[in-house]
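Hello,

Here is the structure I promised to pass on. Have a look at it first, and my notes follow below.

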Amino acid sequence: MNAATTTPAGRGSSGPGGAEGSAGDQGAAGGWFTPRTPAGPPGNAPASPGGERVRPPAAPATQPPPAPPAASGVPGATAAAASGSPDAIRIRRTLAEVAPVADQMTSYFYALLFVRHPPLRDLFPVAMDAQRDRLLRALLTAAEHMDDPAVLTDYLRHLGRGHRKYGTQAAHYPAVGEALIGALTRYATRTWDGETEAAWIRTYTTISQIMIDAAADDERKGPPWWHAEVVAHELRTPDIAVVTVRPDQPYPFLAGQYASLETPWWPRVWRHYSFAAAPRPDGLLTFHVKAVPAGWVSNALVHRARPGDVLRLGPPAGSMTVDHTSDSGLLCVGGGTGIAPIKALVEDVVEHGRRRPVEVFYGARTDHDLYDIDTMLRLRQAHPWLEVRAVIDGKTPLPDVVRAHGPWDEYHAYLSGPPGMIRSGIDALRGVGVPHERIRHDSLDELVAATG
Ligand SMILES: NC(=O)C1=CN([C@@H]2O[C@H](COP(=O)(O)OP(=O)(O)OC[C@H]3O[C@@H](n4cnc5c(N)ncnc54)[C@H](O)[C@@H]3O)[C@@H](O)[C@H]2O)C=CC1
């Protein structure tokens, strides 16, 4: 892709902070932002053979595109970045101004990007709606963590690695950065001035470099994506399928993690699903998919996918994993298809052979929605340290039922299910003294973005 701008490393006009004029006026990418060549293999993975496209991410779970680099600030290589630095203050001020016109600004950003660099359009899904949200979310997430460089860097590295599967290359970042500055220039009229623009350029340069370096590191470790053939497809309810796939090469992951998944029917549209089993010797991976209204990927996986179909998998992500150096009990709450990673965690404990109490609460709207209860009960029968309780919606909400079975202050808690369940689960557990650091769950932002 000859898109933008790729200024060779080390060259480049003004460099970070040296923005002359408004990038919004530039006709082509590439003046002020010059990513340094990442250490290691140059660039990022090329678009896949056969013209497969890719896109970038932002939170695990869904459809991302290269735009995310746009996050906001981290100042400084210097993690100085953070806290209340003048750059951070300017960036937040700009974001606050554009928040009410975020939709228009994001549309304008993509229009600028694609008009100036038409080949970049192929990296994104045909329908851009969810994509627009992703850009904004990435910006807001970065802004939220600007005062915490460690968290921010972690987030951006994750973002950079995740972008590999979209085909994002180091050379694309200047084009995105310049479109972003162009859009901000147009929509942040009240707060925009030369110093604010310089702050954004410095911040974007830092962000981009973190993402580029993370992608380059990751390139030494594994492919940007895996092909995976569907080998089994079992419809458990009219809208829930258990889908098993065989990756085309070894796929290393940990129980409790998730992967993004793309079907052949919706190119460049990715959704996150948790592994529903711990790593197994035959290398097969299983996912639990519920078809949600208007969900392209979920409906394709439940109603269309059949053995022989080939999907694409992004790399594993997520930190909802078990610490096997500890003997403390595990409290696992799985709501609906959120039981998938809980099952994987139980299998993981089995495989590590440690006898530690594991208490599973499996929440569902009705009896019929307990699509995996037989598996969970079989596990309970085989392992005396495991307790499994099914909780059907009734007078008492799931988190209250869990709380009533405490005390849990000696346990590590794992929450998996709809975002509302996770939020109220956190509140319930914090309320009975479980410290924050002992409660694990997937990113709520990503879960919200993951539907479809
Ligand atoms: N398929 C997968 O691999 C995974 C899916 N998830 C998420 O799990 C969710 C599963 O959706 P469904 O099966 O439709 O679940 P659902 O809507 O049927 O709810 C499952 C359980 O959660 C409880 N719940 C729902 N909202 C609640 C709230 N606001 N407060 C307290 N409890 C609440 C319900 O009462 C029920 O017991 C989706 O959001 C999905 O993104 C999470 C991890 C993995």
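**The ligand shell and the cores**

Helix α11 is the biggest contributor to the shell around the ligand, giving three residues (helices, H or I, of at least four residues and strands, E, of at least two are DSSP runs, numbered from the N terminus). This is a predicted model, where local features need pLDDT of at least 70 and side-chain atom pairs count only at pLDDT 80 or more, while totals for chains, interfaces and linings use all residues. Residues are numbered from 1 along each chain as its sequence is written.

There are 28 residues around the ligand, and G335, G336, G363, G420 and M421 come nearest (near means a C-beta atom, placed from the backbone, within 6 Å). Elements giving two or more residues to this shell include β4 (270–274), β5 (285–290) and β8 (358–364). Domain 2 (226–313) and domain 3 (330–449) each supply at least three residues to the shell; the domain bounds come from an automatic or database assignment.

Now to the cores. The largest nonpolar core has 66 residues, and L330, C332, L345, V360 and Y362 have the most contacts inside it. Such a core is a set of buried Ala, Val, Leu, Ile, Met, Phe, Trp, Tyr and Cys residues joined through C-beta atoms within 7 Å, where buried means 20 or more other C-beta atoms within 10 Å of the residue's own, placed from the backbone. Helix α8 (residues 339–352) gives the most to this core, with seven residues. Another core, of 47 residues, lies apart from it, with A88, A171, A179 and M211 among its members.

Best wishes

Terms used: A residue is buried if 20 or more other C-beta atoms lie within 10 Å of its own, exposed if 12 or fewer, and partly exposed in between; C-beta atoms are placed from the backbone.
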